[in-house]
Amino acid sequence: MTDNTPLLVVVDAANVIGSVPDGWWRDRRGAAERLRDRLATDGVPGRAMDVEIVLVVEGAARGIGSVAGVRVEPASDSGDDHIVDLVENAADRPVLVVTADRELRRRVGALGAEVAGPRAVRPR
């Protein structure tokens with residue numbers, strides 16, 4: 001890893017979207033698109049370094065595409081397992097996983113990833 005290696009930010013879309021009861025359950029795909037677009041526009045507040053944002057989607061949100069600044073990765077099965085795979089494959093680069101899921105936080109933390117809750121990427 002070099003000092004120029006961007007921080008890999010892996011966002012658990014379902015968990016972040018579900019953290020605010022704003023009617024997301026009526027349009028899961030639309031909620032995922034809004035999160036993706038907000039991440040593309042706002043990035044990760046408080047992170048001065050370059051970041052590479054990966055939004056992991058599952059279920060009804062699987063069909064959304066990537067946009068400039070946010071790579072969307074559909075989980076073929078478990079979103080949590082897909083996120084763990086991304087962390088495992090990140091080699092020595094810094095990784096931040098955004099989720100409130102306690103078990104996922106434990107799993108990626110054991111692999112050396114930093115973890116943050118949904119507020120890290122949700123508007124205040």
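E52 is partly exposed, at 24% relative accessible area (buried is under 20%, exposed over 50%, partly exposed in between; 1.4 Å probe, protein chains only). This is a predicted model in which local features need pLDDT of at least 70 and side-chain atom pairs pLDDT 80 or more, while totals for chains, interfaces and linings use all residues. Residues are numbered from 1 along each chain as its sequence is written, and side-chain values use heavy atoms, without hydrogens or water.

E52 pairs with R93 in a salt bridge, closest N and O atoms 2.8 Å apart (a side-chain nitrogen of Lys or Arg within 4 Å of a carboxyl oxygen of Asp or Glu). This pair links distant parts of the chain: E52 sits in strand β2, R93 in the loop between α3 and β4, 41 residues apart. Helices (H or I, at least four residues) and strands (E, at least two) are DSSP runs, numbered from the N terminus. R93 is partly exposed at 21%.

## Other salt bridges

The structure holds 7 salt bridges. E73 and R71 form one of them, at 3.0 Å, N to O. E73 is buried at 18%; R71 is partly exposed at 32%.

D81 and R107 also meet in a salt bridge, at 3.0 Å. D81 lies in helix α3 and R107 in helix α4, so the pair ties together parts 26 residues apart in sequence. Shared partners join E52, R71, E73 and R93 into one network.

## R36

R36 lies in helix α2 and is buried at 10% relative accessibility. The R36 side chain reaches the backbone oxygen of G65 at 2.8 Å.

How values were computed
Polar contact = N/O pair within 3.5 Å; in protein donor to acceptor, adjacent residues only side chain to side chain.
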